Every structure is written in structure tokens, then in C-alpha cells.
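Hello,

I am passing a structure on to you, and my notes follow below it. Please have a look at it alongside them.

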Amino acid sequence: MLWIAWKMLIGNRAKYLGIVFGVAFAALLIAQQASIFCGLMSLTVSQILDIEGAGIWVMDRNVRYVDDIKPLPDTDLYRVKGVPGVDWAVRLYKGIARARVDEGSYEQVILLGLDDATLVGAPTHMVHGSIADLRSPDAVIMDVAGHKRMWPGEPYRAGRVFEMNDRRAVIVGLTQTRRTFQSFPVIYTRYSQAVRYAPAERKVLSFVLADALPNESPGTVAARIEAQTGLLAITRQDFLRKTIRYYLLQTGIPVNFAVTVLLGFLVGTAIAGQTFYLFIVENIRQFGALKAMGTGNGTILLMVLAQALQVGVVGFGIGVGMAALFGWSIQGFSKLAFFMPWQVIVITAAAVFLIVLLASLLSIRRVLVVDPAIVFRG
Amino acid sequence: MTTPPDTDQFLSAESAAAMAVRVRGVTKEFGAGDAIARVLRGVDLDIPYGELLMLVGPSGCGKTTLVSIIAGTLGPSAGEVTVLGRDLVAMGHAAKVRFRREHVGFIFQSFNLLPALTSVENAAVPLVIAGWRRRKALEVAADLLDQLGLGDRLTHLPGELSGGQQQRVAIARALVHDPKLLVCDEPTSALDAENGRITMELISRIAVQRDRAVIVVTHDSRVYAHADRIASMEDGRIESVAVGPRKQSGTGA
Ligand SMILES: Nc1ncnc2c1ncn2[C@@H]1O[C@H](COP(=O)(O)OP(=O)(O)O)[C@@H](O)[C@H]1O
Ligand SMILES: [Mg+2]
């Protein structure tokens with residue numbers, strides 16, 4: 001009977017396309033918006049992801065996310081080092097500086113200061129120069145996108161000098177980094193030098209990066225650091241989660257996207273539901289004839305659900321395909337962040353399933369109550 | 001209740017067990033209160049196996065309502081309906097659905113073919129409903145369409161066929177599962193004279209069999225020649241049942 005259901009469905013070309021359009025539209029909107037949302041969320045943690053090598057991040061108790069800097073006294077480094085189970089601990093400076101571009105205009109930059117001795121957290125995808133060059137005086141490494149932003153169209157020139165917070169900086173390398181939420185240029189330097197760029201303050205230490213001894217779990221050691229120092233110590237994974245949770249709960253971003261997704265869902269359901277209902281009504285005599293000829297209501301129900309599922313699968317494929325195509329086509333040159341993890345696909349599939357289920361509900365009632373005797377009426 | 005004078009005499013020769021359809025005192029009302037419509041007002045009717053009964057009468061007298069009740073798509077308000085030895089009134093919904101699936105063939109005035117299915121697929125529908133494999137069902141349907149002269153139209157859609165051809169596909173669909181009761185409601189009234197004649201000839205030649213009863217609602221007097229019996233209906237009652245030309249000429253089963 002299912003092949004009959006599908007033939008009935010596809011045989012009604014105009015209605016079929018209408019229903020598929022409604023579902024595909026909703027799937028596209030949901031998948032695309034959810035992917036942009038995920039893209040944005042992943043931007044919020046790009047700074048954590050880009051700093052590799054440390055399993056534990058230690059910070060002030062009141063830090064809520066990675067850009068929420070609450071400086072610590074330098075002595076906190078030694079307190080962390082003293083906690084049993086800590087293999088090593090180093091300083092990390094993270095702040096905003098003002099870089100002067102040649103023509104006299106200024107650009108906000110993210111300044112990262114890495115531990116002088118170990119350079120823990122150094123960039124891993126160098127494009128020009130090498131990390132070791134950071135050890136030369138006033139040396140900085142800049143991210144490719146930031147360089148392009150500060151000096152559009154100009155090729156990279158090793159040894160280029162510019163001013164940051166009125167102090168000299170020399171570019172010794174370019175690196176690839178993840179895009180950041182504010183999309184500021186990212187500049188790496190040594191901790192001791194970063195502190196000199198930074199405005200004079202009593203406390204300058206942003207984070208202590210640490211790692212647990214090989215035989216200890218980072219989670220336990222982090223808990224021990226917290227207990228012993230009163231600082232906030234969490235694993236890298238937990239810091240990622242904490243940052244994303246902050247953006248989820250404390251900003252209006254998720255609500256904005258949720259509204260669009262909901263609109264896509266509602267509009268898709270309305271279009272698909274209405275067209276599906278019209279399709280069923282148009283075929284009501286056919287269903288009546290099938291019932292007269294001895295098709296039970298259970299089978300009729302299965303047929304309608306199979307029809308709904310069919311448009312669901314096709315519409316889902318088209319919608320998600322188009323969303324992926326969109327994401328692929330804006331890759332690289334757009335300000336939009338696009339990230340489609342499998343969860344987005346699962347959520348879209350669930351939404352589409354719900355749409356076709358809702359869309360068929362009204363129609364199912366209509367089909368189930370149809371009196372087989374109608375087929376005798378002219 | 002009117003009992004046609006020639007009915008008793010004629011039917012007394014046949015045992016009740018030989019009746020494919022036995023209707024007694026059937027009434028049907030639609031609506032309630034002031035808006036009540038008494039459509040059937042006490043119908044008695046018998047149809048033996050192996051015969052073709054034509055049900056005739058003016059429009060609105062209740063013919064379609066009566067055959068719907070006999071076919072099991074509609075329940076009576078009162079009375080007894082026994083078809084193929086089974087009491088339809090006592091039958092539950094699911095049993096009635098199964099009864100129709102297994103034992104009843106339908107031919108409708110407006111064909112009611114599925115427009116998205118080809119001729120052979122349409123003709124195979126009752127077998128598919130009965131749970132047959134698609135391939136086997138299509139094979140059987142194709143054979144039958146061939147017998148009906150549509151061997152070269154198997155893969156045409158209903159929209160690509162003439163009215164007469166569509167009704168022949170409908171005949172194949174009505175007979176493909178070898179039902180013991182065939183119910184046709186005005187099968188020729190949507191067709192021109194020539195196609196109506198062909199359709200009725202096919203029904204009378206192929207459908208009528210020893211173990212099957214055929215009931216044809218019509219008000220087309222040109223097809224009376226194919227009737228074993230003609231039941232005249234008026235205002236919700238059977239007024240008379242007369243022996244038809246087919247029985248008289250001995251071509252009946
Ligand atoms: N479902 C229904 N509800 C109300 N009235 C109906 C219904 N079905 C049939 N009728 C009425 O019953 C009468 C007989 O109808 P029908 O059996 O179709 O007559 P025929 O087939 O002889 O033309 C008509 O007056 C029709 O309007
Ligand atoms: Mg009628």
C-alpha cells in the first residue's frame with residue numbers, strides 16, 4: 001500500500017512541490033540559523049581553543065567567560081605552583097591594546113602575553129616566521145586576518161614596526177588563528193613585554209595556565225587548586241562550557257536566533273500543513289474508494305504518515321543541503337560565522353519530523369472520518 | 001410493506017440458502033427530528049447466486065442508499081441484511097472492512113480510479129489491499145485487463161483513457177479479487193450510448209458467474225436486456241420484481 005501512497009503523493013505534482021517547499025523552507029531556515037548561532041558560539045571560545053598545551057586554567061573567582069579579565073597578583077602563580085599534583089604553571093596575559101596603523105588611525109587589538117621561558121600557549125599554525133623569533137626585542141606575532149585588517153592589501157613584511165599603546169612593536173611572524181567574537185586582530189608577545197604595553201596597573205596577571213602531573217586527573221587537581229588558593233581553577237573543557245554558557249544565558253543572542261528558528265518552524269508548518277491538508281482533501285474520494293474496497297483505518301493512517309514522512313525526508317534533504325551550500329559558499333570571505341555540527345542536523349531533523357507530523361494531524365482526522373459511502377455519491 | 005405478486009411465486013422454487021443477498025424490512029433515515037429524511041421505508045429483496053439484478057427507479061428513490069447497505073459501506077436504521085450468509089447488521093466495523101475487502105467488488109458511476117496509478121496498477125488495487133505482493137498483483141490485473149480488451153493500455157494513466165476505457169479498468173478492479181458480490185451504481189450513466197452498451201455487455205458476460213451475485217443500479221432502459229431480474233424501486237420501497245430478458249432467454253447462469 002505504501003507505494004500507492006507515494007504514487008498518489010507524487011502524482012499530484014503541484015501540491016507535492018508545495019508541501020516539499022514548505023518543509024524545505026523551514027529546514028533551511030532552522031539549519032542555517034542554528035549553524036550561524038553555533039558559529040557565533042564557537043567564536044566566543046576561539047581564544048580558549050587557540051591556547052593549547054594547558055589542561056587547567058586558573059583565574060579570579062568572578063571571571064564569567066574568557067574575555068572577562070579580572071587581573072590577579074603575580075604571586076598567585078607561585079601559590080598555584082605550590083599545589084600538590086600541579087606539574088607546571090605559567091602566566092598568561094590577555095588584554096586589549098591600541099595599535100597605531102600607519103596613517104595615524106588606531107585599531108583595537110587583543111594582546112596575548114606568553115610565559116617568557118616556555119612560550120606555553122604559542123600559536124600552532126605559523127604562516128611566516130617562527131615562534132622562537134618572539135624572543136627578540138619588541139617582537140610580536142600577528143594573526144593573518146588582523147594583518148589584513150590593519151594594512152589592507154599590503155604584503156607581509158618581516159620587521160615591520162608599528163606602535164602599540166605608544167610603544168614600539170616589531171612584527172616577526174604571521175599566524176593563522178581562529179576568528180574571535182569581536183574579530184579584533186590578535187597579537188602574541190612575551191609576558192614581560194606584554195606587561196610593558198599594558199597600562200600600568202597593580203595587578204596584570206590574567207590567567208595562570210597549569211597542567212596536572214601525568215598520574216593525576218586535571219579535574220581533581222583543579223579542584224585542589226581551588227580549595228588551596230581560593231582562585232577559580234577549571235579544566236580547559238569546563239572553561240569552554242562556562243564561556244558558552246555565559247553567552248547562552250547572559251546575552252540576547254540565543255533568543256534572537258530562537259525567534260528566527262521558531263518563525264521558520266511556524267511558517268514551514270503552516271505552508272506544509274495547509275498544502276498537505278489541501279492535498280488530502282483533493283484526494284478524499286480516492287481514500288473513500290480505498291476504504292470502500294476494504295482498506296482499514298490503520299492502513300489509511302499509515303499511508304498518510306508515509307506520505308508526510310516522504311515529504312519530510314525530501315524537504316529535509318533539500319533544506320539542509322541548501323543550508324550547507326550556503327555555509328560552504330560564504331566560507332572565507334564573509335563576516336558570518338557558520339558552523340554546522342551534527343547536533344544541528346539532528347535538531348533540524350527533529351523539527352522537520354514534528355512539522356510533517358503536525359501538518360498531517362488535521363488531514364489524518366479528515367481521512368479517518370471519511371465515510372466510504374461517499375464514493376457512491378456523484 | 002408491498003410484496004410484488006410475482007416475487008413469491010418465482011423465488012419459492014429456490015432455497016433460502018441459495019440467496020446471495022437477503023434484505024428484510026430495511027429502513028434508513030438520515031438526520032433527526034424535523035429534518036429527518038426517511039429514505040428507505042421497509043425494503044425486502046432477495047438476490048440469488050448466479051444472477052444479475054437491476055435496480056431501477058426515479059432519481060432520489062433510495063437506490064444508492066440500498067446498495068450501499070448491501071455492500072456494507074452503510075448501516076441500515078432497522079431491518080435484516082444478510083449477504084453471502086453473513087449478518088451485516090451484527091458485524092463489527094473491522095469485520096465489515098474485511099468482508100468488503102474479501103467479498104465485494106465495486107463499480108461506481110464516477111469510476112473513482114486513482115489518477116496517479118496506471119490502468120494495471122488501478123486494477124490491482126484490491127489485491128494490494130488484500131496483502132498481495134505488488135508484482136503478482138500486477139500480473140493478475142494485467143491478464144484481466146487483457147480479457148477486457150485493454151491489453152495495450154496497461155501503463156496508461158486514467159487521464160489518458162476515454163470514459164469507456166476507464167470504466168473497463170474499473171470493471172477489472174471490481175473483479176480482480178474474484179468477489180462473490182458485485183455492486184455497480186449507475187455504471188453506464190457517465191458514458192455515451194456505445195460505451196454504455198459495451199460496459200454492460202462486459203459486466204453481463206464476464207462478471208456474472210454461478211457463485212456470484214451482481215447488482216446493477218441503472219435507469220438506462222437500453223441495458224435492461226442484460227437483467228435476470230429487474231427490481232423497481234419507488235419512494236424508499238421495492239414496488240415490484242420482474243423476471244428480466246436474460247433469464248427468460250436462458251442466457252443466465
Ligand atoms: N448522507 C445523507 N444524508 C442525508 N440525506 C441523504 C444522504 N444520502 C442520501 N440522502 C437522501 O436520500 C435520498 C435517496 O438518495 P439515493 O439513495 O442517493 O437515491 P438514488 O440513488 O435513488 O438517486 C435522497 O433524497 C438523498 O438526498
Ligand atoms: Mg444514486
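Chain A splits into domain 1 (2–44 + 252–376) and domain 2 (73–230), with bounds taken from an automatic or database domain assignment. Taken over C-alpha atoms, the centres of domain 1 of chain A and domain 2 of chain A are 49 Å apart.

A word on conventions: this is a predicted model, where local features need pLDDT of at least 70 and side-chain atom pairs count only at pLDDT 80 or more, while totals for chains, interfaces and linings use all residues. Residues are numbered from 1 along each chain as its sequence is written, chains are lettered from A and ligands numbered from 1 in the order in which they are written, and side-chain values use heavy atoms, leaving out hydrogens and water.

Now to the ligand. Ligand 1 sits between chains A and B. The residues around ligand 1 (a heavy atom within 4 Å of it) include A:Arg377, B:Phe30, B:Val39 and B:Pro58. By class, this shell has four nonpolar, five polar and two charged residues; here Ala, Val, Leu, Ile, Met, Phe, Trp, Tyr, Cys and Pro count as nonpolar, Asp, Glu, Lys and Arg as charged, and the others, Gly among them, as polar. Helix H2 (residues 63–71) of chain B contributes the most to the shell, with three residues; helices are DSSP runs (H or I, at least four residues), numbered from the N terminus.

Polar contacts (pairs of N or O atoms within 3.5 Å) are also there to see. A polar side-chain atom of B:Thr64 is 2.7 Å from an oxygen atom of ligand 1, and a backbone N or O atom of B:Lys63 is 2.9 Å from an oxygen atom of ligand 1.

Best wishes

Terms used: Polar contact = N/O pair within 3.5 Å; in protein donor to acceptor, adjacent residues only side chain to side chain. Helix = DSSP H or I, 4+ residues; strand = E, 2+ residues; numbered from the N terminus.
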